[in-house]
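Here's a quick walk through a few spots in one model. Have a look at the structure first, then read on.

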Amino acid sequence: MFKYILRRILIMIPVLIGLTVVVFLLVNVLPGDTARIIAGDYADEATVESIRQSYGLDKPIHIQYIEYIKKLLQGDFGRSYHSRRQIAKEIQNVFPKTIRLALATELFSVAIGIILGMAAALRRGTILDRIVTGFGVLGLSIPQFWFALILQLIFAVTLKWLPPSGYGVGFDQYIILPAITLGIPSAGMMARVSRTAFLEVLPQNYIRTAYAKGLKAHIVIWQHALKNAMIPILSLIGTDISRLITGTMIAESVFSWPGIGKYGYDALFYKDMPALQATVLVLAVTICVINLVVDILYGIVDPRVHVGQKGGL
């Protein structure tokens, strides 16, 4: 297992290097003069040229990339063009807030999705099964922006139960609406995957043997069936957390949640190139780490999963 983890970490290095190249080139080919953006629309040409030289924007593109990598290795993402503050400190402030939102959303979606999927598998072909299947399709079909506005209208404006937007301490009333907005599609997908996983597990011989031994139904389901159905569910959880962390831009913008999604949106809106580069890079590293953790969990949940000679699971 240690060799596998080490090998995965080593594989991440060229992947991240490739990402830095792609992100650097894409950001630098966006329309607009970066020096003019920093100086402002009313600055004279002498000021713009001075800024171009001070930021190294007059150097060849490959020299700019080398200097960019050197700063990254020192933990320096540069300074924001818009706020004039260190980007590393800004990301340290916004990224944990997105993590909190993603964790709350995932807990909500996993709890709802597994319970509904399990119930649908146990009542296969009944009206409950059809309702759960319909919920899965509906959850994936609802436009996130529209759903967020509907939740605000119902629970904040009409019923006045929850605040329409903002940020409190992290896990409080402010997180409920954005977590539901992001969690309903995830719960729908989780319910469908859980249903399929349980339908594959329930007819197995060890499940019938457990019933034949006189074990109660809830013990068989929760201790035997659930554990063996967790492999596809774990895979979906890892993918879903990655999606939540990287795809919270709309929800964070609607609910004014000061996370990295809104930070990246603002960076794109103001053409803040260093902030945009740092946002994409941090999210890419996060996805790589999550995928590594999920692969390790496979071996913990199912002892039959082992590291092969070639380092694969």
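## A glutamine in H7

Which helix is Gln-152 found in? Gln-152 sits in helix H7, residues 144-158 (helices are DSSP runs of H or I with at least four residues, numbered from the N terminus). This is a predicted model, where local features need pLDDT of at least 70, side-chain atom pairs count only at pLDDT 80 or more, and totals for chains, interfaces and linings use all residues. Residues are numbered from 1 along each chain as its sequence is written, and side-chain values use heavy atoms, with hydrogens and water left out.

Gln-152 is buried, at a relative accessible area of 13% (buried is under 20%, exposed over 50%, partly exposed in between, with a 1.4 Å probe and protein chains only). Setting aside neighbours within four places in sequence, Gln-152 is in contact with Val-157, Pro-164, Ser-165, Leu-177, Val-254 and Phe-255 (contact being heavy atoms within 4.5 Å).

## H10 and its buried face

Helix H10 takes in residues 217-228, 12 residues in total, and spans 16 Å from first C-alpha to last, close to the 16 Å expected (1.5 Å times one less than the number of residues). Val-220, Ile-221, Ala-225 and Leu-226 are its buried residues. They line one face of H10, because they fall within an arc of 145° seen down the axis (taken from the directions from the helix axis to the C-beta atoms). Their cover includes helices H5 (87-122), H8 (176-201), H9 (205-212) and H11 (230-246).

## Over in H4

Ile-63 belongs to helix H4, residues 61-73, and counts as partly exposed at 30% relative accessibility. Ile-63 and Ala-88 are 25 residues apart in sequence and 22 Å apart in space, C-alpha to C-alpha.

Key
Helix = DSSP H or I, 4+ residues; strand = E, 2+ residues; numbered from the N terminus.
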